Each structure stands twice: as structure tokens, then as C-alpha cells.
Amino acid sequence: MRKRDRSPKTYTRLTHPLVRDSRDAPFRRATWDEALDRTARGLRAARGAFGMFSCARATNEMNYVAQKFARVVMGTNNVDSCNRTCHAPSVAGLSAAFGSGGGTSSYEEIEHTDVIVMWGSNARFAHPIFFQHVLKGIRNGARMYAVDPRRTSTAEWAESWLGLNVGTDIPMAHAIGREIIHAGLVNEAFVERATTGFEEYKALVEPWTLSLAEKVTGVPAAAIRELAHAYARAERAQLCWTLGITEHHNGTDNVRALINLSLLTGHVGRYGSGLQPLRGQNNVQGGGDMGAIPNRLPGFQDILDPDTRLKFESAWDTVIRPHYGLNLTEMFEAMEDGSLRAVYCIGENPAQSEADSEQAVRRLKALDFLVVQDIFLTQTAELADVVLPATAGWAETDGTTTNSERRVQRVRRAVTPPGEAREDIDILCDLAARLGHDWKYADAEAVWNELRSLSPDHYGMTYERLAEHQGIQWPCPSTEALEPTYLHGRLWDPDPARRGMRAPFGIVLHDPPVDLTDEEYPIRLTTGRRLDSYNTGVQSGGYASPLRRGEAVELCPEDAERYGVVVGEQVRVASRRGSVVAPVWVDTALRPGLAFMTFHFPDEVDTNRLTIEANCPIAGTAEFKASAIRIEKLPAATHVR
Amino acid sequence: MTAIPLGVPRRLVEFTLDGQEARVPEGSTILDACRAAGKEVPTLCQGDTLTPKNACRVCVVEVEGSRTLVPACSRKAEPGMEVRTDTERARHSRKVVLELLASSVDLSTTPEAAGWIKEYEAKPDRFGPDAARVEEEPRVDNDLYVRDYGKCILCYKCVDACGDQWQNTFAISVSGRGFDARIAVEHDAPLTDSACVYCGNCIEVCPTGALSFKSEFDMRAAGTWDESRQTGTTTVCAYCGVGCNLTLHVQDNEIVKVTSPHDNPVTHGNLCIKGRFGYQHVQNRD
């Protein structure tokens, strides 16, 4: 196919503050003083009905100051970030099992493991450099299994591809668990000493025979059995997942179902054996670690713990609400019922990234006050009362970010920001001062040192040591030593006291996707990323990738034939919530009844008009991975090329 | 509980390097020993993240008892070995290699090549104006990087980086034999019709500038490329959560190319298309 003529929207940097005098008025340029005064007024009026969207793209230091702003200046725990739309279930699931929300292994360990399970993860495209470590592992003799509805480019490297039906991850996991139990491959010593709830789990998975699982998941029983035996018999095994597990209405349950397999076999807490959720933003791990989530203070310390609160209250000279705040999803719901009136949105683009985007835009428009701090005039910023131009975290500021293997690494300023753009921390401090809190930070390192003094897991990470070691993984409680590269080695300790809290099996039930396919909407739409593009495309649209061909609805050859559509033909894609017009692309990685789209080009094709806002009740993540759609051929007259 | 694999203990190997006692850990190459001892040995096809193919022969040294000169970059140090790096024979061989390379391809963007040519008194011109040369226009078939065959010394590093040593994409290979050998994608098509995923990991290892960023190529053509005015700042990529370290090369407040530290535990010097080329958004300033 020749490339379509596309004039993709490219965003140019914001160079000065923008305000509007009324909701209908256009933006006009403003001075920083005017913009900050207006913001302070807007926020002051909304005390008690305020929410902060912090930024998983910005530094740890910025996230620390942003959550401190929400908690100290605005007196609320309503602070969250886009982790809610992706990996919040991983954090919720891992912390329920192990008391800590990070991936348990390191990239290097996957090079020295025996079995690798990539579940709901096309890392070859979405995390290419992580996948290089996987390839090293494969070349060192590890066997890799890919569990994914699509036969992705990750699956091309697999020993075996288990192409399950969308949303049947729990049946698959339970059937694997049952097979491990029935084959006598349970690591009984580990289960006995380090876990709780095994008997209940055994009863839970008992109905999930291989043949029932084959019926529900669509994967041959023999393939499930092979994976179960390979995983359980391996000396070391790594279980990795991405958004194919978490972006479901029961994402946390999915994560628990996978964790169960590691508990059953003892594949956690050892070198080369562990659980690895691959995070989607440069600092989505760090944002949560810094307390930019509604239920944790910096250092992933629980807000409900009185001693923790006391420590922060005395350090910050404030009173911290002794209850959890609203998460991003709940904040959007609170906009609907009017209990959230003002939002401070830093570096996020929820108008395009939320599921059911039309609803998200309507809710943002109904706010009394919206201030957006970003490097571009995004679709979300277009809705704001005040827009504050910020610096790009990764290239224009100093600080740190934390990656998927919990490695805190230095971010350094390489270029000077354009125009009047200012650093996020300076803007936040100026606003805090206008609202009665005089914070002084000489630089990012001063913020970091304050965080270190409050978070034992980060205490040992001075900037000097971070540079010396090319990043340090948490926990790092000592300035002298480094901890092992994996978490939860304690589970193997012979001494019950040092072994600590046992890991409970997650008792979770299968619950199929909310948006059912039927005669009217017969196709299952799932979403994901492509190699050269990223999220809503605001960043990745800025460079000329030879691989990019714009948005398309991808179908398998059989479905393309059934609906009589060809590559490049524009069709209407309709779900129960909305419809979009998109060109067709044919991909043999798909199967009949399964379609694929991304949300990289929302200005061309707003895929999130189709997705369903059916949220995980524990983590609040929406079911981006499973919508029901139909393909409508357009009348020839409107056939555009 | 599985212990962390520490590998087999490495003994120290003792041997003689230019008459001096040298001690290096078992498994080290002669080149490692030379660098540890502060001796300059020129290299082209050797790369710190790759297993060399011994293609360029510019690092050869003399080993007592060996009929031929040995490539320092691959030959492991052995106990009792007597190695001489600066003998007449080794120097002469390097000189001829440099003359052959410099007479057939353009080494103007090979760092240090001019210095070596001077040091070894190589005279690439001595083959006369009719010497066989790879004269080809640079291939500019996409917006991200340029292939200039006139600078290619067939060192295989790009093939190894694209292939089983790192990227495992296998978009390029050596096609043809002898004088017809060249690095090519399948059917010698434009890159845009190949399996290339534009990670740029081939550029990262290219020793001569045969592969270069389009940004660098354009600036060189315009005469504005000036490394003395560039800064290199290492930061972390702004895309996915893997946390690749990027070294941003900045000239006049513009990012002009992106590399990654070769000793970085996350990347080992490798990046993907987004990390390598996806920086333009920060400098869309007006």
C-alpha cells in the first residue's frame, strides 16, 4: 500500500502562559504573574473540591512536590496520575500479595533464567530494549512462552504462542495452577512456609480442567499443559506482563491470578525467578513511589498508618487527612456529581487518554476551574482556564526517574527551555507561596534530599551514588551498601520472624469482559501500541518515522474478506458508545473476530470513543483491551482515498 | 535458595607484553591488556559491546611462536605468552592496512584515522589516481539516517548489532563476495522497503561514519557540524518505562544526535526508534 497522504498534527512548544477571560473567550497571552494569580484564585475557591493530576512523565522530584502541594496546600489526598489508566492493577495486586508494588526482578536476571512467560505483553514493540534482555535469555537457552490474543512480534520468538480469547486470562491462569497441582509440581516447602490460602486456592482452581480451559480460552489443552509444566519444572522462571493483563475491568484480579502461579512454584524472591510488570511511562513507577497516588505517601508508605502520617506531619508542618483520596477514575466521577470543582493537571492528556473520551471531555468542561501545565497545548489544555508552559522533564530539567526494575536514574538538563517556559517545581512553589506556603528548594537535589529523609527505601540514594552506579534500585536504605537485585528474598528465610508477612493466594473468579460481543457488535476490539509511536502521539508525532502509516483498524484476512473490505478502504467502526471512521489494515497476527487499534493518532481517529469505561473496582483502570465493535462499509460516494 | 551466579572464578594470567610483565584476568584479550597498560593499539572493527569479526586487521600484534600476526582484539591472553605490539612487522602491517583502506574508502569521518595514517607513515596515494575506490552517492532514503557506502570498510559491526548480537532484526547482511561484498538489505532495496526498524543501533557501532544520523549528515553538508561546540548530557528516555539512558548531543541548544552509554546496565548502548530519534518534539519551538 502506498502511504496515505497525511498531514498529522504536530504540536509546537508553549512559550508563554495563556488565560481566557471567560469560558467562551479565546486564549490570550498573559504574564506569569497574572496567570499564577488567576490560578491561585481558582484553586483557593475550590478548596475541598480539588484534584491534582500529577505527571508520570516528569521527575520524581516534581511528583514529590506535586503531591505535597495537593496534601499540604490544598489539604486533600486527591492526587493521581495516568498510572491509573495502565498499571495501577499491577501495583494493587503486587502490594496485596507482597506488601510492595514494584516488579520483583531486574532486567539482567531475565538473561539468566530458564523459562520466560510474556503474558499480555508485546514487549518487542512496546519495550524494545527490555526485549533485548529477553533475547539474551533466549540465546542463553531460556524457553519463552507468549500468551496474547494476537500473534505479535514478541510471539514470533516464543517456544509456543498461546492465543487466548480476550479477557480469559483468569481461566488460563487457573487451569495452569490446577495442572501444576495435579501433576505434583507444587513447591510444597515454599507454599507451606511463605504463603497462605493454598487450600482455598486449590478448591478455587479445581473446576478449571484443561478441557474446560480450552473451551473458554480457545487455546489447545496440550499447549496450556506444556506451559504449566515448563513453568513449574524450571529452576528459575520469570513471569512478565503488560497492559494485556491490567487494562481490564478486573485488572487487579488478573494480576493476582498470575501472582498465584509464582507462589505455587516458588518463582519469586530468588535471583532469576520473579514477577515483572513492564511499565508504560518513563516515570510511572516513580510517580507512585513519590506519593502521587491517593493512598500512599512518599516511599510507598500507607496513609492509614498513624506513625507514617505523624512523620510527614511533623516534617511538613501540616495535618494529613487520615483517609484515602480519590483516584483519577473517581475524580472523573466526582466531576460528574459536582463534588470536584477544580483540577490542576500537569503533563497529562486525559481528554484523549481516558476511555470513553467524549465523556471525559464533557466532564472536564463542566469544571469551575481547570489549570493545565504542559509543554504543548494538548486537547486537554484547550479546555483549560489557565495554561502554564512547563519544561520537558527528561531534557530540560535535573532530577531523577524510576524505571520498571525500580532503578532510580539521574535525569539531566541538556537544552534550554523555550520562551518563558518554567520548571514544574518552580511553578508549584510559586503557587504554594501565593496560597500561603513558603517553600524554598535551591534545586532538584534539595527536593530529593527531603524525600530521602522521609522515605527509608530511598535514603541511600544520594545524587552522587546514583551517578556512580548508573542508577540504584530501591530499596536502598543504606548509603554504604546495595541490596540484591530482586525483591522478597525474605520469603525464603528459614526464620519466620525475618520471613515476615506471608503472601496470600488471590482468590479471584473469572469475569468475562463487560462489553459483550453479539450479533450487532460481533467483533472484539483490543488496543495496544506500535513500535514507533507512543500514547496519544503528542510526543512521537514530532519526528518523521518511516514506519508510521497512521491509524487503522486492523483485521485478519478472513474478516476483511467477510466484510468485503480491502487495505486502505475507509470504514466506520462502531461500538455501543460511539463510532469513528478509519482505514482498514490487514494483519495475519489477528484471528477471526479480533480487531486491533491503537490510540496514537487521536486527532485522526479517536479510538477512545469506542473503548468502554468499565473500571477495575480495586485499581480504577478501564477495560481498554476489550470493546465490542462492528465494521460498516461506507457508501461508495464517501469513499475517501 | 538459588544463589546469585558468580561464574567461574577468574584467575590472573601472567604474560610478557613488550618486555614488561603483564597480569590480566583470565579471558581478557591482548587488546584489554594493552589498554590496561596504557598502550595505544588502533582498532576499527572492534567494539566494546560486540564480539569482533577480525575483519579490519589494524590491531595486529606479534606473538612469539606464531607464524602470522594475531589480532589483539580477539586473541585471548595466555600464560607465558610473549607479545610485542610495536615491532617493525606489526607496524608495517598496520601501515599497509591503513593504506589499502584509505585508498579505497573515505576515512574523513573516522575518528583518529588521520592520526594513525600519520603515525604509521601510511601513504594511501601511492596506489595512484586509478586505485579502486568505492565511489557511491550516499543513500538518503528516509528521514532518520543515511548510508554512505563510500565510507564503509565492511567491518561487520552493523551486521552484528542488527543481527544476533543485539537487535535480532536481521535487516542487513553482507551480500556478495570478494570485491563485490557490501552491506545490504534484502535485494539491496531502499531501507523503507526492508525489515529495518530504525533503532539506529548500527549507527551506534559504525566506526567510520558510513552510517550516520540524517541530522548529522545534513549539518555536515551545510558545513555547520562542529563537535567542538557540542555537549553530551546523559539523561533518561521520555517514552516507555524501561528507563534507557540517552546521551543527548547538543549544538546551539538543538539536539543533533542521540547515543547511549555502552556500559549502561539497561541499554548496553542500544536504543529503539523512539529513544534514538523521537526527540524532535521538545525542539518544535515555533
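## Chatting through chains A and B

Guide: Let's start with residues 13-433 of chain A in this predicted model: the span is 43% helix and 15% strand, and its end C-alpha atoms lie 27 Å apart.

Visitor: What does UniProt call residues 13-433 of chain A?

Guide: An unreviewed UniProt entry annotates that stretch as "domain: Molybdopterin oxidoreductase".

Visitor: And which annotation covers residues 524-626 of chain A?

Guide: That one is "domain: Molybdopterin dinucleotide-binding", again from an unreviewed UniProt entry. In the model, residues 524-626 of chain A are 6% helix and 32% strand, with the end C-alpha atoms 6 Å apart.

Visitor: Back to the helices. How do α3 and α13 of chain A pack, at what angle and how far apart?

Guide: Helix α3 (residues 88-98) and helix α13 (residues 251-265) of chain A have axes 8 Å apart and meet at an angle of about 45 degrees. The two helices are therefore oblique to each other. As for handedness, α3(A) passes α13(A) in a right-handed crossing.

Visitor: Which residues make that contact?

Guide: On the α3(A) side you'll find A:P89, A:S90, A:A92, A:G93, A:L94, A:A96 and A:A97. From α13(A) come A:G251, A:T252, A:N254, A:V255, A:R256 and A:I259.

Visitor: How many residues of each class are in the contact of α3(A) with α13(A)?

Guide: Seven are nonpolar, five are polar and one is charged.

Visitor: How about α7 and α10 of chain A, at what angle do they cross?

Guide: Helix α7 (residues 169-182) and helix α10 (residues 210-217) of chain A cross at roughly 165 degrees, and their axes come within 9 Å. That angle makes α7(A) roughly antiparallel to α10(A), and the crossing of α7(A) and α10(A) is left-handed.

Visitor: Which residues meet there?

Guide: A:P171, A:M172, A:A175 and A:E179 of α7(A) meet A:L210, A:A213, A:V216 and A:T217 of α10(A). By class, the contact of α7(A) with α10(A) has six nonpolar residues, one polar and one charged.

Visitor: New topic: A:R434. Where does A:R434 lie?

Guide: A:R434 lies in helix α20 of chain A, which covers residues 424-434.

Visitor: Why does A:R434 count as partly exposed?

Guide: A:R434 has 17 C-beta neighbours inside 10 Å, so A:R434 falls in the partly exposed class. The class sits between two cut-offs: a residue is buried with 20 or more such neighbours and exposed with 12 or fewer.

Visitor: What does A:R434 touch, leaving aside neighbours within four places in sequence?

Guide: With those set aside, A:R434 is in contact with A:L36, A:D37 and A:A40.

Visitor: And how far is A:R434 from A:G102 in space?

Guide: They are 36 Å apart, C-alpha to C-alpha, and 332 residues apart in sequence.

Visitor: Which feature does UniProt place at residues 230-286 of chain B?

Guide: The unreviewed entry gives "domain: 4Fe-4S Mo/W bis-MGD-type" for that span. Residues 230-286 of chain B are 9% helix and 35% strand, and their end C-alpha atoms lie 23 Å apart.

How values were computed
Residues numbered from 1 in each chain as written. Chains lettered and ligands numbered in written order. Predicted model: local features only at pLDDT ≥ 70, side-chain atom pairs only at ≥ 80, totals over all residues. UniProt positions renumbered as here; feature names shortened; annotations may be inferred. Helix = DSSP H or I, 4+ residues; strand = E, 2+ residues; numbered from the N terminus. Contact = placed C-beta atoms within 7 Å. Axes fitted to C-alpha atoms, helices over the stretch in contact; angles between N-to-C directions. Parallel < 35°, antiparallel > 145°, perpendicular 65-115°, else oblique. Left-handed = near helix turned anticlockwise from the far one by under 90°. Nonpolar A, V, L, I, M, F, W, Y, C, P; charged D, E, K, R; others polar.
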